[in-house]
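Could you look over the notes below with the model open beside them? They are meant to be read in order.

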Amino acid sequence: MDHSGHGTTMDLPPFTLGRGLHWSADPFFLVACLVGLGLYAWGVLRLRRRGDAWPVGRTVSYVAGVLTIGLMMCTRLNDYGMVMFSVHMVQHMVISMLSPILLLLGAPITLALRALPTAGRGRKGPRELLLKLLHSRYMRIVTHPAFTIPLFIASLYALYFTPVFDFLMGSRAGHVGMMVHFLAVGVVFFWPIMGVDPGPNRPGYLMRMLELFAGMPFHAFFGIALMMATAPMVKSFENPPASLGIDPLSDQNAAGGIAWAFSEIPSVLVLIALLFQWYRSEQRQAKRKDRAADRDGDQELEAYNAYLASLNARRG
């Protein structure tokens, strides 16, 4: 057994994309993905049975988000990620930056609030507990930029450049916990910025853009630091299996390039989503103003007609 606790990795052949996509499921993430898909499907079906619509785009986005997690953790990419820094970095970047964006665009909390039944008076069911959590002080703290941005940065520097990373990579539970952490950090970072679901912290669109770009430069610097390093910086990847035929320093430089590239790609996706949401918000506000103006105009017209009717009554 290797140091990771994932079983034998010493006999892994040289990495290719085809080999990486072979089935090799992590039990925790397999169950979590299946449960996530099952609960979402239950919510959509419940809405449709009572005649309510649910946007297809949200369903597609959520399913894609779950599938990206499954791709990273339920294929041999996960096995190679235990011994190759570059493959591990792909896992990290996808699970912390791409998967959360897709999941959030699927609006799972909104779906839950619409699908879950309300409890009786004086009782608390799942829906009421979810609402209580959303309005709790805890959620206000963990979704505040003063918390999310430092956490987003620390998940790179404080993890990879300290012994914490090697400790977590030493066991299956530690590795799973690290990946769950990456996903959670991505969700709480991107949720206030471009999430569709309601949340305790939802600043204006310009502030959201500032929050987005506040964290991305540190991501790029992290990647550049790995690319420019002249010696392996992470002990877990210092001695890759000979069967892989890779140089640890070259693999580390590739990992840095992946981290640097992923500081750009999700930023563009989030920016597009933000601009679209901003446009939709402006459209809704314009419609509300038009309806208000129509109501005011109707009231003025009714008042004028009443005035004319009173004049006619006097003349009569």
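Predicted model: local features only at pLDDT ≥ 70, side-chain atom pairs only at ≥ 80, totals over all residues.

1. Residues are numbered from 1 along each chain as its sequence is written, and side-chain values use heavy atoms, with hydrogens and water left out.

2. The protein chain has 14 helices and zero strands, where helices (H or I, at least four residues) and strands (E, at least two) are DSSP runs numbered from the N terminus. With contact taken as heavy atoms within 4.5 Å, residues 24 or more positions apart account for 77% of the contacts in the protein chain with a separation of 6 or more.

3. Of the 316 residues of the protein chain, 41% count as buried, a term that means under 20% relative accessible area, with exposed over 50% and partly exposed in between (1.4 Å probe, protein chains only). The accessible surface comes to about 16700 Å², of which 66% belongs to carbon and sulfur atoms; the areas come from the Shrake-Rupley method with a 1.4 Å probe, and for residues only the protein chains shown count as cover.

4. The largest pocket has a volume of about 1000 Å³. Of the 31 residues that line this pocket, the closest to its centre are Gly-36, Tyr-62, Leu-103, Pro-108 and Ile-109. Helix 2 gives the most to this lining, with nine residues, and by class the lining has 28 nonpolar, two polar and one charged residues. On a 1 Å grid over the protein atoms alone, a pocket is an open set of points with protein on both sides within 12 Å along at least five of seven lines, a cavity is a set where a 1.4 Å probe fits but cannot get out, and lining residues have an atom within 4 Å of a point. Grid points are joined across faces, edges and corners, and a volume is the space filled by probe spheres set on the points. Ala, Val, Leu, Ile, Met, Phe, Trp, Tyr, Cys and Pro count as nonpolar, Asp, Glu, Lys and Arg as charged, and the others, Gly among them, as polar.

5. The second largest pocket, with a volume of about 480 Å³, is lined by 15 residues, of which Arg-58, Val-196, Phe-276, Gln-277 and Arg-280 lie nearest its centre. Its lining divides into six nonpolar, four polar and five charged residues, and helix 14 supplies the largest share, five residues.

6. Beyond its neighbours within four places in sequence, Tyr-160 is in contact with residues including His-88, Met-89, His-92 and Ser-155.

7. The structure holds one cavity of 30 Å³ or more, and the largest cavity has a volume of about 50 Å³. Its lining consists of His-92, Ser-96, Phe-152, Ser-155, Leu-156, Phe-182, Val-185 and His-219, which divide into four nonpolar, four polar and no charged.

8. Pro-198 lies in the loop between helix 11 and helix 12 and is partly exposed, with a relative accessible area of 40%. Pro-198 touches Thr-110, Leu-113, Leu-134 and Trp-191, not counting residues up to four places away in sequence.
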